[in-house]
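Here is a friendly briefing to keep beside you while you look at the model. Please have the structure open as you read.

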Amino acid sequence: MRGFDKCPVCGGEIATKDVEKIVRGGAHTAAVHVRADVCLHCGERLYTPEQVRRFEDLRRKLQRRETQGLKHVGEFFEVA
Ligand SMILES: [Zn+2]
């Protein structure tokens with residue numbers, strides 16, 4: 001179903017895992033839980049074009065502060 005059976009970065013073995021993708025737009029951050037192919041050797045995550053589009057869409061929404069439909073789970077802090 002996916003285009004890769006080996007990692008395109010290091011040639012390592014790939015496994016499908018549930019991962020948390022952090023998307024940041026402007027000052028806002030959202031965590032998206034997705035199923036992605038992850039390299040067991042270097043940790044590279046291979047997202048589908050649909051998933052990448054979804055992340056970009058979410059990033060734009062965060063930049064515009066369109067956060068309706070997103071669940072508020074906590075504040076985001078940054079330490080210099
Ligand atoms: Zn790899």
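Helix H1 lies across strands S1 and S2, running at about 170° to S2. That angle is taken between N-to-C directions on a scale from 0 to 180 degrees, with axes fitted to C-alpha atoms, for helices over the stretch in contact (heavy atoms within 4.5 Å). Helices (H or I, at least four residues) and strands (E, at least two) are DSSP runs, numbered from the N terminus.

**About the model**
- This is a predicted model, where local features need pLDDT of at least 70, side-chain atom pairs count only at pLDDT 80 or more, and totals for chains, interfaces and linings use all residues. Residues are numbered from 1 along each chain as its sequence is written, and side-chain values use heavy atoms, leaving out hydrogens and water.
- The protein chain averages a pLDDT (the predictor's confidence in each residue, from 0 to 100) of 93, and 96% of the residues score at least 70.

**The sheet**
- Three strands make an open antiparallel sheet in the order S1-S2-S3, with S1 and S3 as the edge strands; strands pair if DSSP finds at least two bridges between them.
- S1 and S2 are joined by 12 bridges, and Ile-14 has Cys-39 in S2 as its bridge partner.

**The zinc site**
- Cys-39 (SG) also coordinates the zinc ion, together with Cys-7 (SG), Cys-10 (SG) and Cys-42 (SG), at 2.3 Å; donors are N, O and S atoms within 2.8 Å of the metal (3.2 Å for Na, K and Ca), and water is not among the atoms, so sites may look incomplete.
- Along the chain, the donors follow the spacing C-x2-C-x28-C-x2-C.
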